[in-house]
Amino acid sequence: MMSQTDETPAVAKRRDNNMAESNNQSAETKLSDVHKRIKAAFETFDNAANNTVDVREIGTIIYSLGCFPSQADLHDFIAEVEEDHSGYIHLDRFLPAMTKVLLEHKFPPIPKDLLLQAFEVLDKDNKGYLEPEELTKYMTQEGEPFTQEEMEEMLTGLADHERNVIYYKDVINQLAIDPDM
Amino acid sequence: MSSIRAALLIQRWYRQYVARLEMRRRCTWNIFQSIEYAGEQDQIKLYNFFGFLMDHFTPASSERNLISHIFRENEICRDIEWERYFCYKSIEVPESYTGPHLTFPMTFCGVSKLMEAFKHKQQLHARYVLQILGETWRLLRILPNINYVSVCHNQEITICGDLHGHLEDLLLIFYKNGLPSSEKPYVFNGDFVDRGKNSLEILLILFGFLLVYPNDVHLNRGNHEDHIVNLRYGFTKEILGKYRVHGKKILKLLQKIFSWLPLATVIDHKVLIVHGGISDMTDLNVIERVDRHRVREPTSRQWQQESEQQEWRGWRTSGSPASAQRHNPPRRSLHNLPISNQLSWSLEDELKRRRRLAGFDQSYGEMNKSESDSDSEPAGTETDEQEWKQIVDLLWSDPMPQNGCIPNEVRGGGCYWGPDVTEEVLERHNLQLLIRSHECKQDGYEFCHNRRVLTIFSASNYYEVGSNRGAYIRMGPDLVPHFIQYQASRTCRELTLTQSVGWTERSALRALREQLFVHKSDLISAFQEFDPNNTGMISLRHWASATETVLNLGLPWRMLRPQLVNSTKYGMVDYQQWIRELSITEPKLEISDTSILETMYKNHSNLETIFRIIDTDHSGSISFEEFRQTWKLLSSHLQTEISDEAIADLAQSIDFNKDGSIDINEFMEAFRLVDLSLKGRSTDFYTSQLVYMS
C-alpha cells in the first residue's frame with residue numbers, strides 16, 4: 001500500500017474519487033444501504049433461503065439492526081407484517097416496514113446517562129450496586145417482566161463473580177461496546 | 001423517574017443486548033454449518049470425479065488401474081472365509097494388558113465393565129474388539145431392514161440422535177436416563193461415529209448392549225456409518241491410531257457391519273424413525289425387501305466391466321434427450337451422477353449377476369423394447385438403482401419449509417422434502433410421526449412440518465463448546481414425545497451467554513479465516529477485478545461480493561465483515577494487507593513451487609481422503625508412485641496443472657526418499673494449518689475440533 005507521499009497526483013486523484021463515491025450519501029445510496037443491512041440481518045434467520053423467517057426471530061432481527069423497541073412495540077410491528085398468523089414473516093412485508101423504522105429512527109437507543117439514571121432509581125440506598133434479589137424483584141415484577149430464564153441469564157451475565165452483586169456503572173460501559181454497528 | 005419506567009428501560013436495554021448476542025451466535029452457527037455441508041458436498045464431488053475418470057480413461061492408462069484397484073474390493077466373498085479372516089483366536093492378550101477382559105456370550109456385567117474402562121480412558125484389546133464385532137455382525141445379519149417395535153403399557157422407549165463419537169454425551173444420557181434393559185428399550189438413530197474422538201468406544205458400548213438385549217436395543221444406520229465417509233471425517237484415522245497392528249482388520253469388519261445395520265425403526269406402526277428422512281418416492285415396502293448389505297457404500301459406485309462401460313460412455317457422451325429420458329426417472333439423489341450408481345459387488349456376486357443378465361437378456365429385451373428405445377437395460381439393474389436411491393434418501397435427506405421434493409444440493413446426496421411430502425408419505429403408510437436426526441439443532445431437538453417431523457440430535461457442543469445442547473426423547477404408549485436436554489462439559493455450563501457465544505464465535509471465525517487463507521490467490525484475483533486502476537483498495541461492498549463469489553458458502557459477509565476486516569479507511573479495504581493479516585502460518589519447508597502448497601491447503605480433506613483410499617491395506621503409508629498418482633488425480637479433479645517436478649520437489653522436501661514410502665499422518669500433520677493467533681496458548685482443545693471439521 002503506497003503511503004501518501006509516494007502517490008503520483010494521478011493515483012491520488014483516483015483514490016480520492018473512489019472514496020468520494022463511497023462517501024456520497026445521496027438519498028438513493030443511503031436507502032440502498034439500509035435495504036442491504038435489513039436484508040443481511042433477515043437472511044441470517046432465513047434458513048430455507050426462501051425469504052421468510054419465523055415470527056419469533058423478528059425481535060432479534062430488529063434489535064440487531066440497532067433498534068430498541070419495547071415488547072409492546074414489537075407486538076405492534078409484528079401484527080403489521082405477519083402473514084395471517086401463519087407464524088412466518090416474508091421479506092416483502094418486512095423490508096418496507098423495517099426501512100421506515102430505520103429511516104424514522106423509531107426505536108432509538110437508550111442514552112447511557114438515562115440508563116444510569118434508571119439503575120440509580122432502583123438502587124434506593126445509593127450503594128453503587130444492586131443485589132441480585134433487588135434486581136430480580138424489579139425485572140420480574142415490573143414493566144414488561146422477564147421470564148425466569150431471562151432473569152437467571154441476566155444475573156449470571158452481569159453479577160460480579162466474587163461479590164455477587166451488580167456494579168451497574170461498569171456493566172453499562174461493558175455492554176455498550178457494540179462491535180456490530 | 002418512577003421505578004416502573006426505570007425497569008422498562010433496563011429491560012428494553014438488556015433484551016437488545018441479548019438479541020445482538022443471538023444474532024452473532026446465529027451467524028457463527030451458519031458458518032459452521034456451511035463449512036460442514038460444503039465438506040460433505042465436496043466428498044460427493046470427489047466420488048463423482050472418480051466415476052468420471054473411470055469412464056474417460058483408456059483401459060491401458062495407469063490411473064484407471066489405480067482407481068479400479070481401489071474400488072474393486074479384492075475381498076473374500078464367502079461368509080465362512082470372512083469369519084476365518086476375522087478370527088480373533090490367534091490374537092494373544094499379553095500379561096501387560098491392563099484393560100478390561102471380556103467373556104462371551106456378552107452379559108450386562110461385561111458391558112458395564114466396558115463402560116467403566118472407557119470412563120477411565122482405557123483401551124479395549126484388539127482381540128476383544130474383533131470378538132465383539134464378530135458377534136455383532138452375526139446378530140445384525142439376521143435382523144430385518146426395518147425393526148418393528150411396540151411400547152408396552154407402563155413402558156417408555158428412549159430415542160437418541162447423532163452421537164458422533166461424543167462419549168461423554170452417551171454416558172450422560174445413560175446417567176440421566178438409565179442403562180438399556182428389557183424394561184428400558186432404546187433406539188439409536190445413526191451417526192455414532194466420526195468427528196468426536198471416541199467413535200469406537202461408542203460403537204462397542206452400543207454393540208455390547210445390542211448383544212445383551214437384542215430385542216430392546218435398536219440401531220439405525222446413519223450416513224456416517226459408511227467407510228468412505230469415515231475416511232474423511234476421522235473414524236478411520238481414530239481406528240488406525242488406536243490399533244496399529246489390527247486396525248485394518250477392524251476397519252474391514254466394521255465396513256461389513258455398517259452395511260448390515262438396519263435402516264429404520266417403526267414404533268407401534270405409528271412412528272417412523274430413520275436417520276436422514278424421506279423423499280416423495282419413499283416406500284417402506286420396497287425398503288423392507290432390499291438386500292441392504294449389498295449397498296455398502298451409498299456414496300460410492302461400482303464401475304462396470306468393459307462392455308457395459310462402452311454402452312454408458314456412448315450414452316453419456318451422446319447426451320441425446322431420448323436416451324437421457326429413459327435413464328432419468330425422477331432423479332433426486334446424487335443428481336450429478338451420470339447414470340450408473342451400481343452397488344459394490346463382491347467377485348462372486350459379480351459372476352452371479354453376469355450369468356443372470358445373460359439369461360435375462362432375451363426376455364427383458366423383448367419386454368422393454370416396446371416401452372423404450374434402443375438397447376434395454378435389464379430390469380434388475382433399474383430396480384437396484386431405485387433401491388439404492390431409496391436408501392440414500394433415508395440416510396441423507398433434510399426437511400425444508402416449502403412444499404415439494406428437490407435434490408439436496410447442499411449435502412450432495414438425498415433430497416430436501418417439504419410438508420406435503422411428509423403428509424403424503426405418512427398417510428400412505430398410516431403413520432403419525434417421523435423422527436429423524438442428521439441435523440444439529442441448538443436445543444437438541446426441533447419440530448417442523450406441523451409437528452409431524454421431529455429432529456433429535458444428541459451430540460452436545462457439536463461445533464464447539466457451548467454451541468448447542470443435546471437431547472433425547474422418551475415416549476410412552478401414548479406416543480407423545482418428551483424431551484430431555486443436556487450439555488456435556490462442566491466448563492460450558494459455567495459460561496455465561498456472552499462467553500459461550502464469544503468462544504464459539506472465535507472458533508468459527510478461525511475456521512472461516514482458514515478457508516479464506518487457502519483461497520487467497522482466487523480472492524486476490526477477484527478483488528483485482530473490482531480494482532481496475534490498481535489502487536490496492538476496494539469498497540466493502542465489493543469485498544463482500546468478491547468473497548462470496550470465491551468461497552461460495554452462502555454466508556452473510558456483510559454481517560461478518562466487522563469480525564473479519566479489522567481496519568477500513570473511508571469504507572475501503574486494503575485487500576493485500578487484509579490477506580496478510582489473516583495470520584495463518586506457513587509451513588517451514590522450502591519449496592520452489594508455492595502454488596502446490598495452496599492447492600494442498602485448499603484440498604486438505606480431499607487429499608487426505610484420496611491418500612487413505614489408495615492405502616488399501618490401511619498400513620498408514622503409501623509408495624512414492626502412489627503419492628505421485630494421488631497428486632495427478634487431484635490435479636485432474638481440480639483441473640489445475642501440477643507438474644511432476646513440483647511433486648518430486650514436494651516429496652524430496654519431506655525427505656521420505658529414504659525408504660520409498662510416505663507416512664500419511666506425518667505428511668498431513670506437516671501441512672495442517674495452525675492459526676498463529678493461538679501461539680503460546682494451549683492449542684489441544686481448539687485443534688482437536690478443527691482437525692475433524694476441515
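What you see is a predicted model, in which local features need pLDDT of at least 70 and side-chain atom pairs count only at pLDDT 80 or more, while totals for chains, interfaces and linings use all residues. Residues are numbered from 1 along each chain as its sequence is written, chains are lettered from A and ligands numbered from 1 in the order in which they are written, and side-chain values use heavy atoms, with hydrogens and water left out.

I will speak about chain B, which has 28 helices and 18 strands. Of its 694 residues, 59% count as buried, where buried means under 20% relative accessible area, taken with a 1.4 Å probe and protein chains only.

Let me turn to the sheets, where two strands pair if DSSP finds at least two bridges between them. One open sheet of chain B has 6 strands in the order 1-5-6-10-12-11, with mixed pairing. Strand 1 (146–149) and strand 11 (445–448) of chain B stand at its edges, and because each has a single partner strand, one side of each is left without a neighbour in the sheet. Strand 1 of chain B runs parallel to strand 5 (residues 264–267) of chain B, and 4 bridges join the two; here B:Asn147 has B:Thr265 as its bridge partner.

A further open sheet of chain B has 5 strands, in the order 4-3-2-13-14, again with mixed pairing. In this sheet, strand 13 (residues 470–475) and strand 14 of chain B run antiparallel and are joined by 6 bridges, with B:Arg474 standing opposite B:His482 of strand 14. Helix 6 of chain B packs on this sheet, touching strand 2 (157–160), strand 3 (186–188), strand 13 and strand 14 of chain B, where contact means heavy atoms within 4.5 Å. Helix 7 of chain B packs on the sheet as well, touching strand 3 and strand 4 of chain B.

How do these two helices meet? The axes of helix 6 (residues 167–177) and helix 7 (residues 199–212) of chain B come within 9 Å and cross at roughly 35 degrees; axes are lines fitted to C-alpha atoms, for helices over the stretch in contact, and angles run from 0 to 180 degrees between N-to-C directions. On the side of helix 6 the contact is made by B:Leu167, B:Leu170 and B:Phe174, and the residues of helix 7 include B:Glu201 and B:Phe209.

Note on methods:
Buried means under 20% relative accessible area, exposed over 50%, partly exposed in between (1.4 Å probe, protein chains only).
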